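Reader: I have a new structure to read. Where do we begin?
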Amino acid sequence: MSEKDLKNKKSDVAVDEDKRDFLFVTTAGLAVAGSALTVFSLIDTMNPAKDVLALSTTEVDLSPVEEGQSLTVMWRGKPIFIRHRTDSEISDASNVSVDELPHMASDESRVKNPKWLVVVGVCTHLGCVPLGQKIGDNKGEYGGWFCPCHGSHYDTSGRVRKGPAPLNLEIPPYEFVTDDIIKIG
Amino acid sequence: MKENTSEQNKGLTGWIDKRLPVFTFINHNLRDYPTPKNLNYFWNFGSLAGITLVIMIVTGILLAMQYTADTELAFDSVERIMRDVNNGWLLRYIHMNGASMFFIIVFIHIFRGLYYGSYKYPREILWMLGVVILLLMMATAFMGYVLPWGQMSFWGATVITNLFSAFPVVGDYIVTFLWGGFSVDNPTLTRFFVLHYLLPFGIVGVVALHLVALHQFGSNNPTGLDVKSEGDTIPFHPYYTVKDYLGLGVYLIVFAGLVFFAPNFLGHPDNYIPANPLQTPAHIVPEWYFLPFYAILRAVPDKLLGVLLMFAAVMVLFFLPWLDKHKVRSANFRPYYRQFYWLFILDCLVLGWVGAMPAEGVYVLISRVATAYYFGFFLIIMPFLSRFEKTTDLPSSISAAVISEKFDNKEPSSESYVK
């Protein structure tokens, strides 16, 4: 890149081309490596901060939730639907033929304790929060949840049954700490 | 990096260049751009200032993504940046110390111009645009220092905005207007944040004009002589790109040293105490780069006069091209100006030092003497010298100066062309 300019200038010192190439490559290499590290560090500041990550687990006491009632809690800024299912809801969910479902999954694979269904309350279509948590809400044709944005119906296992949503409601990672307390995240 | 001469018309570059001559522009201004061949390292500080501006804008934008401009939340949001945000400490320390580095660079840049007469014909507007940049920088830095909402932020903002109350009749109205209320409070903080974000883009605009004005006549040089032939110049690339690159490396080492080993050295510990409108810190000082001006303010026993004198200390720079009308630019050939110049540098350092001292006893006297010299240098010494000073023999051209420096080894090399 610079040879032409250099050769045009009168010089009484012979130029060692190899040395010059070595210097050029090492200088440019160091500059590229330094810039890359700096840029990475700067862009990394936009990733979730420590206080945001610290919110990534939520403990929930299930004992006040009676059978048939639902509870909504926040986890990572998203609603988590917890439903204390009745026996009929459990049997509705487990008596469906898995092969007929748009997104095939058995009810057993979606719960840790059949009495408790824990799902992320965000429609898998475009991210709205489905109805069905409150008394009087439209629970859709399958008794679970109904998304008012584009009309997706979810059943009592949180599985999509009708509408544009491609997937079942997501199951967050959670575990039973005791019989009555779960830890989400 | 493209192999590109200005008349090249081939390939995609040529196609674009014919319609949008960006490559020709780059070529003229960063590659072939004829530059005096005798520039010393003091000519690095222009590009360093430009790079620092970019560093400040990039880190500032990223900080603004995490900062909350609210009196209840600002201090904690800054602490969150320091503790929780990934590399947030690095981001803030770069930005904080970057402000100091920016002023160091720009002060040296200004003193360079003062020594080599870079403000003289035909570069008057170039110089004045530089003073505008300095004013914008000072406003931006002041408002930026308020944002963390610590004790020094709050009381600095209170004291500086109260300067305007010195003006008769309208003073109080101006201050109330600046505050958006009856004290420094939330409306003040939010507008300072907005302006702190906005003004740097104004600086970028003025820097662009500064460069247009620079490239009209090209850089001044240590001899202060005009370029007389092509032999006096060398192409900007690779000669000065490499020289700037080396200077940048040294600069970044110093900058990084400050950020990593002494990040709070230039700051004030009181600013880690949340703002308290009920208690003023015992000893309140501005950031170091304002200290000389602060000293001038305090040197005068009259409120209005002190304020006016402080503003005048910057404003006087605008008139420099007409205060110093001596035909010879470089202080290298002006034996008297040169001595007064070094005394002026010393004077600025004394003002900075005395500005950090309490305003009592002998310090008041020192600040008054230093203030007198500050203005005396511009208003008396400069016009006087431009009329009566006899210069030493000037070399016939830049090339002649370079050759005599290179081969006339009997005298100290840096000044050897001064007979």
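This is a predicted model: local features need pLDDT of at least 70, side-chain atom pairs count only at pLDDT 80 or more; totals for chains, interfaces and linings use all residues.

Reader: How does one look for empty space?
Author: Rolling a probe the size of a water molecule over the atoms shows where space is left empty. Here, the second largest pocket holds about 1,400 Å³ of space. Its lining has 29 nonpolar, 16 polar and four charged residues.

Reader: What is a disulfide?
Author: A disulfide is a covalent bond that joins the sulfur atoms of two cysteines. Over all chains, this structure holds one. Cys128(A) and Cys149(A) form it, with their sulfur atoms 2.1 Å apart.

Reader: Where in the chain do Cys128(A) and Cys149(A) sit?
Author: Cys128(A) is in the loop between β4 (116-120) and β5 (143-147) of chain A. Cys149(A) is in the loop between β5 and β6 (152-155) of chain A. The two are 21 residues apart, and the pair links distant parts of the chain. The link of Cys128(A) and Cys149(A) is left-handed, with -100° about the S-S bond. Cys149(A) is partly exposed, at 38% relative accessibility.

Reader: When can charged side chains pair, and what should I look for?
Author: Side chains of opposite charge can pair when their charged atoms come close. The count here is 13 salt bridges over all chains. One of them joins Lys115(A) and Asp87(A), at 3.5 Å from N to O. Lys115(A) is in the loop between α4 and β4 of chain A, while Asp87(A) is in helix α4. They are 28 residues apart.

Reader: Lys115(A) and Asp87(A): buried or exposed?
Author: Lys115(A) is partly exposed, with a relative accessible area of 29%. Asp87(A) counts as exposed, at 53%. Now take another bridge. Asp155(A) and Arg159(A) meet at 3.1 Å, N to O. Asp155(A) is buried, and Arg159(A) is buried too.

Reader: What about chain B?
Author: Arg329(B) forms a salt bridge with Asp226(B), and their closest N and O atoms are 3.1 Å apart. Arg329(B) lies in the loop between α13 (320-323) and α14 (335-355) of chain B, and Asp226(B) in the loop between α9 and β2 (233-235), so the bridge ties together parts 103 residues apart in sequence. Arg329(B) is buried, with a relative accessible area of 8%. Asp226(B) is partly exposed, at 42%.

Reader: Which residues are linked in a network of salt bridges?
Author: Lys120(B), Asp324(B), Arg334(B) and Glu389(B) are linked in this way.

Reader: How is chain A divided into domains?
Author: The domain assignment gives domain 1 (1-47) and domain 2 (52-184) of chain A. Taken over C-alpha atoms, the centres of these two domains are separated by 58 Å.

Conventions
Residues are numbered from 1 along each chain as its sequence is written. Chains are lettered from A and ligands numbered from 1 in the order in which they are written. Side-chain values use heavy atoms; hydrogens and water are left out. Domain bounds come from an automatic or database domain assignment. On a 1 Å grid over the protein atoms alone, a cavity is a set of points where a 1.4 Å probe fits but cannot get out, and a pocket is an open set with protein on both sides within 12 Å along at least five of seven lines; lining residues have an atom within 4 Å of a point. Grid points are joined across faces, edges and corners, and a volume is the space filled by probe spheres set on the points. Ala, Val, Leu, Ile, Met, Phe, Trp, Tyr, Cys and Pro count as nonpolar, Asp, Glu, Lys and Arg as charged, and the others, Gly among them, as polar. A disulfide is a pair of cysteine sulfur atoms within 2.5 Å. Helices (H or I, at least four residues) and strands (E, at least two) are DSSP runs, numbered from the N terminus. Buried means under 20% relative accessible area, exposed over 50%, partly exposed in between (1.4 Å probe, protein chains only). A salt bridge is a side-chain nitrogen of Lys or Arg within 4 Å of a carboxyl oxygen of Asp or Glu.
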